[in-house]
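The following exercises concern a single protein chain. Each task is followed by a solution that goes step by step.

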Amino acid sequence: MSKENAKTHSPIFEVIISVTVAVIISLILILLAAFIIKIFNIPTSAIAIINQVIKGLSVLVACMFCLKQPVNGWLKGIIVGFFYIVIAFVIFSLLGGGFEWSLKILNDLAIGCVTGLLSGIIAANIRK
């Protein structure tokens, strides 16, 4: 394998690309959800559920398309889920005007890691 090919398929590179793709997907889906919520007058109580679904879908899609090597898919998935939640929290807190620390962050991290774990396992088994 050439050096350039090894770089593009390294586990670290796969995780970085996966997190980046997950954040981009999340931003697009959040904008789409905001538009749909505004048009159809969806109650604010549904927004938390919609946000969790968007986070889960973002991690799943990113892992499916970016984790190419089937080795340690579960571990790469957990790392993707963890760093996606951290970066998404920072980005959306900056966009929202401030950081709000609560137990919700730990909940999001746990859900992100579990979603990443499952997504990594699915991605690794599809590649076999």
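**Exercise 1. Determine what percentage of the residues in the chain is buried, and describe the overall architecture.**

Step 1. The model is a predicted one, in which local features need pLDDT of at least 70 and side-chain atom pairs count only at pLDDT 80 or more, while totals for chains, interfaces and linings use all residues. Numbering starts from 1 along each chain as its sequence is written, and side-chain values use heavy atoms, with hydrogens and water left out.

Step 2. Helices (H or I, at least four residues) and strands (E, at least two) are DSSP runs, numbered from the N terminus. The chain has 5 helices and 0 strands, giving the order α-α-α-α-α from the N terminus on.

Step 3. Along the principal axes, the C-alpha atoms fill a box of roughly 55 × 30 × 25 Å.

Step 4. A contact requires heavy atoms within 4.5 Å. Among contacts between residues at least 6 apart in sequence, 79% join residues at least 24 apart.

**Exercise 2. Characterise the largest pocket by its volume and its lining.**

Step 1. On a 1 Å grid over the protein atoms alone, a pocket is an open set of points with protein on both sides within 12 Å along at least five of seven lines, a cavity is a set where a 1.4 Å probe fits but cannot get out, and lining residues have an atom within 4 Å of a point. Grid points are joined across faces, edges and corners, and a volume is the space filled by probe spheres set on the points.

Step 2. The volume of the largest pocket is about 700 Å³. Its lining comprises 24 residues, of which Asn51, Lys55, Phe92, Lys104 and Asp108 are the closest to the centre.

Step 3. Two or more lining residues come from each of helix H2 (11-40), helix H3 (47-66), helix H4 (73-96) and helix H5 (103-127). H4 gives the largest share, 7 residues.

Step 4. Ala, Val, Leu, Ile, Met, Phe, Trp, Tyr, Cys and Pro count as nonpolar, Asp, Glu, Lys and Arg as charged, and the others, Gly among them, as polar. The pocket lining then divides into 13 nonpolar, 7 polar and 4 charged residues.

**Exercise 3. Is lysine 55 buried or exposed, and which residues does it touch?**

Step 1. Lysine 55 is placed in helix H3.

Step 2. Its relative accessibility is 18%, so lysine 55 counts as buried.

Step 3. Leaving aside residues up to four places away in sequence, lysine 55 touches Tyr84, Ile85, Lys104 and Asp108.

Step 4. Lysine 55 and aspartate 108 are 53 residues apart along the chain, and their C-alpha atoms are separated by 9.0 Å.

**Exercise 4. Describe the span of H5 and identify what covers its buried residues.**

Step 1. The expected span of a helix is 1.5 Å times one less than its number of residues. With 25 residues, H5 reaches 36 Å from first to last C-alpha, close to the 36 Å expected.

Step 2. Among the buried residues of H5 are Ile105, Asp108, Leu109, Gly112 and Cys113. Their cover includes H3 and H4.

**Exercise 5. Classify the ring pairs that involve tryptophan 101.**

Step 1. Rings of Phe, Tyr and Trp (its six-membered ring) pair if their centres lie within 6.5 Å; planes under 30 degrees apart count as stacked, over 60 as edge-to-face and the rest as tilted. The count is 4 aromatic pairs.

Step 2. Phenylalanine 89 and tryptophan 101 have ring centres 5.1 Å apart and planes at 50 degrees, so this pair is tilted. Phenylalanine 89 belongs to helix H4 and tryptophan 101 to the loop between H4 and H5, so the pair ties together parts 12 residues apart in sequence.

Step 3. For phenylalanine 99 and tryptophan 101, the centres are 6.2 Å apart and the planes at 10 degrees, so this pair is stacked.

Step 4. Tryptophan 101 counts as exposed at 66% relative accessibility, whereas phenylalanine 99 is partly exposed at 41%. Ring pairs link Phe89, Phe99 and Trp101 into a cluster.

Conventions. Buried < 20%, exposed > 50% of the residue type's maximum accessible area, 1.4 Å probe, protein only.
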